[in-house]
Amino acid sequence: MSRALDDPVVVAFPLRGEGWVAVTTPAARIPSHGVDILGQRYAYDFVKVDDRPGLHVHPASTLRAATLGGRTRECYAWGATIHAPFDAEVVAAADGVAERPWINPFREAARMTWNGLSFRPEKIPSILGNHIVLRAGDVYAGFAHLAPGTVAVAAGERVHAGDLLGRVGHTGNSTSPHLHFQLMDSADLMDARGMACAFAAYDVRDGDGWRRVERRIPGPRERIRSVDPG
């Protein structure tokens, strides 16, 4: 395991509500996304699930979800609010990328494979979809795949921890509505190196109840609930 995880940058959890799962997390492997490119070494992907066993991001049955798919806006994560994890300056904010209204697992998998095989720097905006980059000193935070028309900030603005940034969507290189979140040392994704990140406090599902944890890196099967940042 990377030594960087022993001394991560600690930030506030950027989502609200319960049922969140970090399906991609440096707690499971490093690089978390299988590559270091684009500052993704310690990146997270957060989806929202229901109480059924497994990871169900949509109300459809397991068979239907795996074959026909379902409507994007019916996914549990879609439209969830995203909040600033620290006081920061907005250095990039991009909106206007259209969202695919239907999630088909075969099409989404093929799209991701093709994007990986045909990657070029000029394709970065289409991979990120609608996105935001914040800066606080030498730390940059990236948020990708936001829903169109929901980006609530603009480059040059200042935000405070907890401020609304936008809403979870399904734009860019996305298999279902989710938040891609990462810390890095530069706003230039071609040069950026990922930075290990832990979250200041959140609740983890523990049997029939919840257990508060602090300064932790979420595991890949933990059900997460946000806590009052105040």
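Q: What should I know about the model before reading it?
A: It is predicted: local features need pLDDT of at least 70, side-chain atom pairs count only at pLDDT 80 or more, and totals for chains, interfaces and linings use all residues. Residues are numbered from 1 along each chain as its sequence is written, and side-chain values use heavy atoms, with hydrogens and water left out.

Q: How many helices and strands does the protein have?
A: Helices (H or I, at least four residues) and strands (E, at least two) are DSSP runs, numbered from the N terminus. Here there are three helices and 16 strands.

Q: Is arginine 193 buried or exposed?
A: Buried means under 20% relative accessible area, exposed over 50%, and partly exposed in between (1.4 Å probe, protein chains only). Arginine 193 has 61%, so it is exposed. You will find it in the loop between β12 (179–184) and β13 (194–195).

Q: Which residues is arginine 193 in contact with, leaving aside neighbours within four places in sequence?
A: Contact means heavy atoms within 4.5 Å. For arginine 193 the partners are Gly39, Leu183, Met184 and Asp185.

Q: What share of the protein is buried?
A: Buried residues make up 49% of the 230 residues.
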